[in-house]
Amino acid sequence: MNNDPKTCPERIGDGRARVAPPNQQAPLADISDLPSPPERARFHSGLSLSLSDASAIMSSRYCHLVGILGSPSAGKTAALVSLYLLAARAKLAGFEYANSRSVMAFERLARGARRWNNGAMPDEMTGHTQLADTRNPGLMHLRLRRVVNEQAIDLLLPDLPGEWTDSFIDRGPSPRIEFLRACDVFWMFVDGTTIETTKTRGLVEHRLKLLMDRVAQIRAPQTRVPVVLVVTRRDQSNATPAEFRSNLEREASTRSMVFSVVEVASFSATDHVAPGSGIAELLETALSQAPKVGVPRLEVAPRGRHVLRYRSDA
Ligand SMILES: Nc1nc2c(ncn2[C@@H]2O[C@H](COP(=O)(O)OP(=O)(O)OP(=O)(O)O)[C@@H](O)[C@H]2O)c(=O)[nH]1
Ligand SMILES: [Mg+2]
């Protein structure tokens with residue numbers, strides 16, 4: 001206390017930072033050896049998942065990764081919203097909602113579906129899908145529980161813009177759709193109103209055959225690829241024409257595909273078709289077709305590169 005303040009070794013009042021003489025500085029090797037602070041598990045943001053997030057979930061439990069394809073406005077996003085809303089309101093026959101790691105993303109998509117004008121359905125229930133990162137897909141996660149046996153089912157559902165399907169058909173596989181190789185079932189969406197007349201049906205059929213070729217191209221030869229043709233807007237269209245259905249069935253069998261057709265009305269403004277009709281059937285069909293073994297597992301290596309490994313844990 002009685003010492004001269006100028007002699008205090010901690011004194012910094014002269015405006016100069018106190019720097020230890022070189023011989024007293026901690027060696028750099030010691031500093032780099034300091035242990036890093038413990039990583040704690042974080043709550044998920046609830047937004048759509050990246051491939052790395054999906055891969056982490058898939059490494060701990062069996063997940064059904066669904067390849068969702070279809071041109072712009074085919075009704076892909078609407079079907080995902082409908083599935084989520086049915087599950088969330090306990091109206092998905094045979095299934096119960098258990099959890100979702102992308103609940104905020106689902107809620108954001110479903111916002112449009114809740115905005116009705118005096119009981120009238122809005123023209124656009126879901127907007128055109130635009131991705132924050134145009135090179136990486138956003139995936140939705142949904143965990144359901146089967147009512148009969150309480151079995152938990154994890155679904156990973158990519159919400160892709162229709163342009164991805166168009167460019168897959170026209171230009172072939174690209175790195176951004178690499179993850180489709182790991183899908184255990186494909187849903188190919190078609191707008192039901194476009195297959196009502198022969199005028200537009202021919203083109204739709206032609207594009208679907210090309211899409212089947214592309215899917216067959218990215219899958220290992222000799223594997224039976226499950227494909228569900230999802231015909232949307234059942235509330236605004238008639239039943240799928242038998243000839244269209246049988247033509248595609250034939251095409252699918254020549255490509256070793258397990259093929260089925262499900263008609264859905266994700267939304268409905270009419271009384272004769274209930275909103276969400278066909279969605280539970282779509283889920284049942286997809287789950288019954290999905291193989292339990294032999295599907296490549298999605299793994300994301302450091303630096304975001306994707307590695308496909310064959311799944312043996314199911
Ligand atoms: N009435 C009725 N309208 C539907 C149905 N499915 C989709 N729609 C309407 O069609 C619009 C476009 O559907 P989306 O699901 O957004 O189409 P998408 O395939 O996701 O299109 P992109 O994101 O552009 O690739 C929706 O906003 C709905 O208004 C349906 O089953 N019934
Ligand atoms: Mg969409």
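**Figure 1. Overview of the predicted chain.** The chain comprises eight helices and nine strands, and the model shown in this and the following views is a predicted one. Of its 314 residues, 44% count as buried. Among the contacts in the chain with a separation of 6 or more, 73% are made by residues 24 or more positions apart. The structure holds zero disulfides.

Figure 2. Seven strands form an open sheet with mixed pairing, in which the order of the strands is 2-3-4-1-5-6-7. Strand 2 (95–99) and strand 7 (257–263) are the edge strands, each of them pairing on one side only. On average, and with direction ignored, neighbouring strands of this sheet are turned by 30 degrees against each other. Helix 6 (residues 198–218) packs on the sheet, where it touches strand 1 (63–69), strand 5 (185–191), strand 6 (225–232) and strand 7, and the direction of helix 6 makes about 165 degrees with that of strand 5.

**Figure 3. The antiparallel pairing of strands 3 and 4.** Strand 3 (residues 139–146) and strand 4 (residues 152–158) run antiparallel and are joined by seven bridges. Within this pairing, L142 has L155 in strand 4 as its bridge partner.

**Figure 4. Surroundings of the magnesium ion (ligand 2).** The protein donors of the magnesium ion are the OG1 atoms of T77 and T129, which lie 2.0 Å from it. Because T77 belongs to helix 3 whereas T129 belongs to the loop between helix 4 and strand 3, the pair ties together parts that are 52 residues apart in sequence. Both T77 and T129 are buried.

Figure 5. The C-alpha atoms of A78 and A265 are separated by 9.1 Å, although the two residues are 187 residues apart along the chain.

**Figure 6. The buried face of helix 4.** In helix 4 (residues 103–110), the buried residues are A105, F106 and A110. Seen down the axis of helix 4, these buried residues fall within an arc of 130 degrees, and they therefore line one face of the helix. In general, an α-helix has 3.6 residues a turn, so residues three or four places apart point the same way. The elements that cover the buried residues of helix 4 include helix 3 and strand 3.

**Figure 7. Helix 8 within the structure.** Helix 8 (residues 279–289) is largely enclosed by the rest of the structure, because eight of its eleven residues are buried. These buried residues are I279, A280, L282, L283, T285, A286, L287 and Q289.

**Figure 8. Two buried cysteines, C63 and C183.** C63 counts as buried because its relative accessibility is 0%. C183 is likewise buried, its relative accessible area being 0%. Zero disulfides are found in the structure.

How values were computed. Residues numbered from 1 in each chain as written. Chains lettered and ligands numbered in written order. Predicted model: local features only at pLDDT ≥ 70, side-chain atom pairs only at ≥ 80, totals over all residues. Heavy atoms only, no water. Pairing = 2+ DSSP bridges. Helix = DSSP H or I, 4+ residues; strand = E, 2+ residues; numbered from the N terminus. Axes fitted to C-alpha atoms, helices over the stretch in contact; angles between N-to-C directions. Contact = heavy atoms within 4.5 Å. Disulfide = S-S within 2.5 Å. Buried < 20%, exposed > 50% of the residue type's maximum accessible area, 1.4 Å probe, protein only. Arc of directions from axis to C-beta. Donors = N, O, S within 2.8 Å, 3.2 Å for Na, K, Ca; no water.
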